Amino acid sequence: METERKEHRLVLPVPMYHNDYNIWSVLKNCIGKELSKITMPVVFNEPLSFLQRMAEYMEYSHLLRLASQQQDPIIRMQYVIGFAVSALASNWERLGKPFNPLLGETYELEREEFKIICEQVSHHPPVSAFHAESKDWVFHGSIHPKLKFWGKSVEIQPKGTVTVEFPKLNEAYTWSNVQCCVHNIIVGKLWMEQCGTMEIVNHSTGHKAHLTFKPAGWNSKDLHRVEGYIADKSKHKLFFIYGKWTEFIKCTDYASYEDYLKENSHKFKRDGDKSKSPNDSPSHTSRKVLQKLNSLKVSPFKSNSSQESVDECAPPDVPDGMVPKSDSTYSIDIPNSVTIWKVKPRPLQSSDYYQFTEFAMSLNELEPGMDTSLCPTDSRLRPDIRKLEQGDIDGAAIEKTRLEEKQRDANKHRKSKKGTEWSPRWFNSGINPHTKQEDWVYNGNYWKREYTDNPDIF
Ligand code: CLR
């Protein structure tokens, strides 16, 4: 399974075209529409399909290998948490819209440690399914991004569950991703946050991780913050988890966290009494400590009662049109903490290349040999995405329209003929054995590389 280490491209062929179009002029006509029905001018796109964007979940897949190597189920859970949160990191500042996958479009990626196959299994509603595997783990799921307009912001809920399996350990974990909110769609600069609760369940041992992705909140002090705990099956909290989905995830045993809370409330009083320096005025210090404590206390203690309120992407306390700044001066470090995951810095040129990570830069690369091996429905062969990548915006727009019309005609044709309904080629609809819910199950055939009777979608 493990393939040799290859060099991948580090940058796209040309820098992006920076547009100053107003996104609202397009979106105002799209209220209530399904994400797949929103057609935006290509200048709002990034040169990747949503299937490729899904493959970005894999950037830190080594965490799954580390998880599978642990004897202790709690440490395994820590790495699975690290993986689940790290999978969202590449979304930071990525405000280009990936191309809607065409029905039947596929995307494969083979790397040293894993291979993944993604397929657009349904167009209305848009559902993308994926299945990744390595020698130690399997990771699969499906995503149906659901769009909701909230006035000045848009909320995107990635409906669907994802599952990690460690076959040798006979263990499975499932969770659902939190929603993503894009703000300032009418005026100002777009910015994004991920909010809500994520519950990661180990179906074999009953351990659960309960994570809260916080809204930026007052003063943006909680921007990108994630907090929560790991509990055993009798709901005893064992570990405290904290970090930012854009930067890192750490954990410490729950007792150390509780001690830290107590100690810092004393410190808060002492500092208030003694501090003399002007920059460290009592009110300044106590406000800082208070902020810290508040931020720490919110989710773990109120998690059950406040679940509903954080689940909805409330309007932010950030002023309209403004982009909140992450406050890196205020970073908590609780004794006995271990870092589970840390983000890789973005490449230097990232802002000229759609804010891509190094991993994203490589996803649409046509590697030597792919011309003969690749399935003809692969996203890399989409002419509209390729043209945008090469900076040919007009060409990309023409191709995009052509492909969308071609897809519409094919749908009409299938509807008019009985017995020609679409069925996905690599996934079957079925029941997820762990959640007992409907899911898309990989049929195991893609990597045989027998690509015959390919639908003509490009
Ligand atoms: C976020 C992480 C989730 C899966 C997911 C689903 C839909 C994606 C979203 C992620 C990130 C933001 C996204 C969105 C679809 C469109 C939107 C790429 C990857 C971009 C920013 C376009 C916004 C334009 C609107 C204002 C219409 O697990």
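Mentor: Let us begin with Lys-250 and Asp-333, whose side chains are joined by a polar contact of 3.3 Å. A polar contact is a pair of N or O atoms within 3.5 Å; within protein, one must be able to donate a hydrogen and the other to accept it, and residues adjacent in sequence count only if both atoms are side-chain atoms. The model is predicted, so local features need pLDDT of at least 70 and side-chain atom pairs count only at pLDDT 80 or more, while totals for chains, interfaces and linings use all residues. Residues are numbered from 1 along each chain as its sequence is written, and side-chain values use heavy atoms, with hydrogens and water left out.

Lys-250 belongs to strand S15, which covers residues 248-253. Helices (H or I, at least four residues) and strands (E, at least two) are DSSP runs, numbered from the N terminus. Is Lys-250 buried or exposed? Lys-250 counts as buried because its relative accessible area is 14%; buried means under 20%, exposed over 50%, and partly exposed in between, for a 1.4 Å probe and protein chains only.

Lys-159 is placed in strand S7, and its relative accessible area of 38% makes it partly exposed.

Strand S7 leads us to the ligand. Strand S7 (153-159), strand S2 (97-99) and helix H2 (50-55) each give at least two residues to the shell around the ligand. Which residues come nearest? Of the 18 residues around the ligand, they are Leu-27, Tyr-57, Asn-91, Pro-98 and Asn-177; a residue is near a molecule if one of its heavy atoms lies within 4 Å of it. Two of these side chains reach the ligand with polar atoms: one such atom of Tyr-57 is 2.7 Å from a ligand oxygen, and one of Asn-177 is 3.5 Å from a ligand oxygen. The ligand on its own has 610 Å² of accessible area, of which the protein covers 98%; these areas come from the Shrake-Rupley method with a 1.4 Å probe, and for residues only the protein chains shown count as cover. The shell holds twelve nonpolar, three polar and three charged residues. Here Ala, Val, Leu, Ile, Met, Phe, Trp, Tyr, Cys and Pro count as nonpolar, Asp, Glu, Lys and Arg as charged, and the others, Gly among them, as polar.

Strand S2 also holds Phe-99. With a relative accessible area of 1%, Phe-99 is buried. Phe-99 and Met-40 are 59 residues apart along the chain, and 9.6 Å separates their C-alpha atoms. Pro-145, in strand S6 (residues 138-150), is likewise buried, at 8% relative accessibility. The C-alpha atom of Pro-145 is 9.0 Å from that of Ser-36, a residue 109 positions away along the chain.

Between strand S4 (115-122) and strand S5 (127-133), a loop contains Pro-125, and the peptide bond from His-124 to Pro-125 is cis, with omega near 0 degrees. Lys-235 sits in the loop between strand S13 (225-231) and strand S14 (237-244). Lys-235 is not a glycine, yet its phi is positive, near 65 degrees. Lys-235 counts as exposed because its relative accessibility is 72%. Arg-449, in the segment after strand S18 (438-442), also has a positive phi, of about 55 degrees, without being a glycine. Its relative accessible area of 27% makes Arg-449 partly exposed.

The loop between helix H9 (383-389) and helix H10 (393-416) holds Gln-390, which is partly exposed at 46% relative accessible area. The C-alpha atoms of Gln-390 and Leu-12 are 8.0 Å apart, although 378 residues separate them along the chain.
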